[in-house]
Amino acid sequence: MTRRIKKVAVIGSGIMGSGIACHFANIGAEVLLLDIVPRELNDKETAKGLTLEDKVVRNRMVNDNLTAALKSKPSPIYHKKFANRITTGNLEDDIAKIKDVDWIIEVVVERLDIKRIVFEQVEKHRTPGTLITSNTSGIPIKFMNKGRSEDFRKHFAVTHFFNPPRYLKLFEVIPGPDCDPAVTDFLMGYGEKFLGKTSVLAKDTPAFIGNRIGIFGIQSLFHQVKDMGLTVEEVDKLTGPVIGRPKSATFRTVDVVGLDTLVHVANGIYENCPDDEAHDLFKLPDFINHMMENKWLGSKTKQGFYKKVVGENGKKQFLSLDLDTLEYTPSQKAKFTTLEMTKTIDNVLERFPVLVNGKDKAGEFYRKNFASMFAYVQNRIPEISDELYRIDDAMKAGFGWENGPFEIWDAVGVEKGVELMKAEGKEPAAWVTEMLANGNTSFYTVEDGATHYYDIPAKKQVKKPGQDAFIILDNIRDTKTVWKNSGVNIEDLGDGILNVEFRSKMNTIGGDVLAGINKGIDLAEKDFQGLVVGNQGANFSVGANIGMIFMLAAEQEYDELNMAVKYFQDTMMRMRYSSIPTISAPHGMALGGACELSMHADKVVAAAETYIGLVEFGVGVIPGGAGSKEMALRASDTFRKGDVELNVLQEYFLTIGMAKVATSAYEAFDMGVLQKGKDVVVVNKDRQIAEAKKHALLMAEAGYTQPPQRKDVKVLGKQALGMFLVGTDSMEASHYISEHDKKIANKLAYVMAGGDLSEPTLVSERYLLDLEREAFMSLCTERKTLERIQHMLKTGKPLRN
């Protein structure tokens, strides 16, 4: 039977329940969100004369929780209108409605007695064959489905989302003892394809995979920090981006998540895993108990390992907790010689051999920390997973690690990892010793573009399942590169499609990247059928290389700067006007020049988590890589009979003038950056390059023909220019914008109005590009523009001057 999910019921509307409901709404499902009926009126309800029988009272809890979730930052919803897909109700009046849903998800409080009451009610109304899953973080399935019918047990599993459900990719699937294998397979596939998750099959063991390993890592650090005399700041410096972990590293992450949450999971593991060889490590150290007693739980109580205060001078100051005195002291920057040695190494995996060989305290820390982690994960097979790659997948998707424990061990060297363990008095597992004895020296290999992993029962490398829907650029780069320079790799994706992959720092777009895009188009036009511009970095691109712009402008190399801007414009025009279809595949940040590139592709295949916009105002210029031209063109295309054209143009003008950035790909449609009916969104970023390739092929096979450049862009001339100038005068007079902001806005107004033409006129794209470039160049001569660019280069933040 082909199972389709059209409607989902979520029972429990707390932070996780509402977040899960929002994410199902994100992907287009109808959602029924239910919670309990309040037992007493609140003050507002009493004042209004309401009773416990009024619907607004009976649904108060679910509605308040959902409203709070929708107001939270970052938002759980891709677009505010998607919230309309969620219907709320309560467990007394509306439980019968679950008979019409395809999937019921329980997300109530972590108490077995309450869950069993919920499941008893669900059983009375559920239609046989309906999926029923729990989001429990550790209650054994055999206790939850005890006494339930055969059909219930056959369709019951745990589906463990990580918080926040929209943003964290881990989706652990734990089938019950009687669960139909077809149900397990469906949940794994649905999580990956529809929810955009990394689906990880786990066993019904305490904390499953992600939290078992993640909490071990944090608990290990809690003990290690005291043993080595490290400070909170030092540990966060050592366990952050330098090893491919989030900026929040360890202690800041605990503050964000909440110390009480971590303690709850750690205690659960301590109580339920008595035979774990690291059992004592899950016992809370004294300083954690002290923090719990004082309710120093992190962000939710305004202090945890860090505390923000306002000093006597009115400035905010960050304090950190001294773990010896348990007093807060001013935060100190941490520095280590070993970390300095890795600054020139961009590839995180290549840093690990340097880190474990460090001669200072940092090197000692890494040797001890990795030895402890390697020893622990090797012994969790087959307890929590039969396959080692699932542990790596869980840590990457659930905790934001760039590399999982076995990938790090590979980077260090398996034999070197064993050496580190032995130095700490830990022995390799029998299967690791056997693997090395048989000549297998790594946990992972790549063959024919596919990742293979060491299968312990088979005693050999086997292909990791589920890769066929993906194209992994790391796996094909060495064998499929057809051309490269310092900023770009061009890979053959097969079937006549090339991919231009940015490889510059933060994927910035400079001369080398522009040359690579042009080369890619040249090659595709000559010997291929289509071109994708996509990469699998943390972000698609943060935009043009403003350092180069600053250097040329500061040295008054205006002819060279003019040529560079024209080269950027011409490259964007080639993206649109070439003889092959071009596809842009943005994800993460796609700012400034990266937004301009996407707007000029024949089609955009955007990841749902794409934060895209024209942000040039923040550095004192207008979009100069054909972005200002393109917004004027899109405004012109939007003019409809009966519209007030000035109002339409103003919306596009404000998108640039306010440096708007979409918080999801769906919001980008509202801004006019993505176009309905042309551009598409994919929820799972791992599928993005493969999807972009499919669209390039479809366009090529449909008989793609190079379009002619536009000469029919309607501009409004003086009529629009006057409106914009009056507006900027008013905003400056009201102190909403600075004098320099006004100057930038007036330059943009001149471009988007088509100059000071006496009447509405049809003009060419080339005409607008020349206006755009002239305006951009004039702003680059301004001292305040150079100050803004310099400030951005130093701090990464815009300056208002």
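View 1. Ser 664 and what it touches. Not counting residues up to four places away in sequence, Ser 664 touches Tyr 78, Arg 166, Ala 608, Thr 610 and Tyr 611; contact here means heavy atoms within 4.5 Å. This is a predicted model, so local features need pLDDT of at least 70 and side-chain atom pairs count only at pLDDT 80 or more, while totals for chains, interfaces and linings use all residues. Residues are numbered from 1 along each chain as its sequence is written, and side-chain values use heavy atoms, with hydrogens and water left out. Look for Ser 664 in the loop between α27 (645-657) and α28 (665-671). Helices (H or I, at least four residues) and strands (E, at least two) are DSSP runs, numbered from the N terminus. With a relative accessibility of 0%, Ser 664 counts as buried; buried means under 20% relative accessible area, exposed over 50%, and partly exposed in between (1.4 Å probe, protein chains only). Tyr 611, on a strand. Tyr 611 belongs to strand β22 (residues 610-613). Is this side of the story buried or exposed? Tyr 611 comes out as partly exposed, at a relative accessible area of 26%. Once its neighbours within four places in sequence are left aside, Tyr 611 is in contact with Arg 166, Tyr 167, Gly 588, Met 589, Ala 590, Leu 591, Val 661, Ala 662, Thr 663 and Ser 664. One of these, Val 661, is 50 residues apart from Tyr 611 along the chain, with 6.1 Å separating the two C-alpha atoms. The side chains of Tyr 611 and Glu 609 are joined by a polar contact of 2.6 Å. For a polar contact, a pair of N or O atoms must be within 3.5 Å; within protein, one must be able to donate a hydrogen and the other to accept it, and residues adjacent in sequence count only if both atoms are side-chain atoms.

**View 2. Helices α25 and α26.** Helix α25 (residues 593-600) packs with helix α26 (residues 627-638) at an angle of about 45°, and their axes are 10 Å apart. That angle makes α25 oblique to α26; angles under 35 degrees count as roughly parallel, over 145 as roughly antiparallel, 65 to 115 as roughly perpendicular and the rest as oblique. The axes are lines fitted to C-alpha atoms, for helices over the stretch in contact, with angles running from 0 to 180 degrees between N-to-C directions. The α25 and α26 crossing is left-handed, meaning that the near helix is turned anticlockwise from the far one by less than a right angle (clockwise would be right-handed). On the α25 side, the contact is made by Glu 596, Met 599 and His 600, and on the α26 side by Gly 627, Lys 629, Glu 630, Met 631 and Arg 634. Sorted by class, the contact of α25 with α26 has 4 charged, 2 polar and 2 nonpolar residues. Ala, Val, Leu, Ile, Met, Phe, Trp, Tyr, Cys and Pro count as nonpolar, Asp, Glu, Lys and Arg as charged, and the others, Gly among them, as polar.

**View 3. Helices α12 and α13.** Here helix α12 (residues 259-272) and helix α13 (residues 286-293) pack at about 125°, with 11 Å between their axes. This makes α12 oblique to α13, and the crossing of α12 and α13 is left-handed. Leu 259, Asp 260 and Val 263 of α12 make the contact with Ile 288, Met 291 and Met 292 of α13. By class, the contact of α12 with α13 has 5 nonpolar residues, 1 charged and no polar ones.

**View 4. Ser 372 in helix α16.** Ser 372 lies in helix α16 (residues 361-378). Ser 372 counts as buried, at 12% relative accessibility. Setting aside neighbours within four places in sequence, Ser 372 is in contact with Phe 216, Ser 220 and Lys 426.

View 5. Most residues other than glycine have a negative phi, and most peptide bonds are trans. The bond from Lys 73 to Pro 74 is cis, with omega near -5°, and Pro 74 lies in the loop between α4 (60-71) and β3 (86-90). Asn 163 and Pro 164 are also joined by a cis peptide bond, with omega at about 0°. Lys 459 is not a glycine, yet has a positive phi of about 60°; Lys 459 is partly exposed, at 39% relative accessible area. Asn 507, not a glycine either, has a positive phi of about 55° and is buried, with a relative accessible area of 9%.
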